[in-house]
Amino acid sequence: MCRAHGLSGVLGARAWTSGSRTPLLYPDAVTLTEDATADDVLDAVSTGPGCSVKDSFATLDLSGAGFHVLFEAQWLHREPALPAPAAPDGVAWSRLDTPAELAEWAAAWGGGDGPAHLFRPELLSDPSVALLAGRAGDRLSAGAVVSRGGDAVGISNLFAADGGDLDAAWAGCLSTVYARWPGVPVVGYEQGDDLAAAVRQGCVPVGPLRVWLAG
């Protein structure tokens with residue numbers, strides 16, 4: 001997402017950081033190791049209001065620096081040996097190819113009033129990213145962002161449009177991912193109803209994370 005917005009960031013030994021403010025909903029710093037410290041992230045970012053830090057191991061305490069916990073979630077892992085869920089009948093999943101498809105997807109993701117501008121056409125040409133859409137006839141009913149990196153496939157931004165069936169969205173997305181990237185584990189993180197739906201489709205919680213927000 002940062003590359004699509006013209007930002008590169010710095011990959012350090014214990015944290016990824018961006019000296020410039022990242023796009024809305026995306027962190028300015030991400031811890032990469034359990035022993036990362038507050039200094040590893042705060043010394044490399046602009047810590048004013050709106051700054052956010054993904055505390056990947058839920059080990060930091062940034063409250064003394066003017067941050068509060070925005071939310072907590074659970075990392076997820078799904079074994080590649082597990083069978084893929086059956087895709088729901090009547091919903092066809094495919095990868096987005098055009099800016100028009102992306103605009104439709106972003107509007108459905110945001111429910112008509114979310115920050116759809118986050119998803120720029122540059123994402124369509126990034127070989128490490130695939131934006132997936134599930135369609136029931138002409139209606140875009142679900143979607144997700146899939147990122148391939150290292151030895152895993154990451155699922156994020158999964159949604160069921162108009163308050164639809166999250167279990168069906170997870171099943172359809174996972175079925176598509178396992179067909180396109182067989183033998184590769186699936187990872188991600190979720191909370192609340194999204195977490196419960198992912199677990200019902202075979203994803204296993206493997207540890208906590210926190211996101212801190214300044215201001």
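The exercises below, each with a worked solution, concern a predicted model.

Residues are numbered from 1 along each chain as its sequence is written, and side-chain values use heavy atoms, with hydrogens and water left out. In this predicted model, local features need pLDDT of at least 70 and side-chain atom pairs count only at pLDDT 80 or more, while totals for chains, interfaces and linings use all residues.

**Exercise 1. Helix α2**

Determine which residues of helix α2 are buried, and what they pack against.

Solution. Helices (H or I, at least four residues) and strands (E, at least two) are DSSP runs, numbered from the N terminus. Buried means under 20% relative accessible area, exposed over 50%, and partly exposed in between (1.4 Å probe, protein chains only).

Step two is the list: in α2, residues 99-109, the buried residues are L102, W105, A106 and W109. Seen down the axis of α2, these fall within an arc of 100°, so they line one face of the helix; the arc is that of the directions from the helix axis to the C-beta atoms. An α-helix has 3.6 residues a turn, so residues three or four places apart point the same way.

Step three is the packing, where contact means heavy atoms within 4.5 Å. The buried residues of α2 pack against β7 (129-136), β8 (139-149) and β9 (152-160). After α2 comes G111, with a positive phi near 65°.

**Exercise 2. Helices α3 and α4**

Describe how α3 packs on α4, and which residues meet.

Solution. First, the geometry: helix α3 (residues 166-180) and helix α4 (residues 192-200) pack at an angle of about 50°, with their axes 9 Å apart. Axes are lines fitted to C-alpha atoms, for helices over the stretch in contact, and angles run from 0 to 180 degrees between N-to-C directions. The two helices, α3 and α4, are therefore oblique to each other. Angles under 35 degrees count as roughly parallel, over 145 as roughly antiparallel, 65 to 115 as roughly perpendicular and the rest as oblique.

Second, the residues: L166, D167 and W170 in α3 meet D193, D194, A197, A198 and R200 in α4.

Third, the two sides of α4. Its buried residues are L195, A197 and A198. They fall within an arc of 165° seen down the axis of α4, so they line one face of the helix. The face turned away from the buried side carries the exposed residues G192, D193 and R200. The cover over the buried residues of α4 includes β5 (67-78), α3, β10 (186-190) and β11 (204-214). Just after α4, G202 has a positive phi of about 100°.
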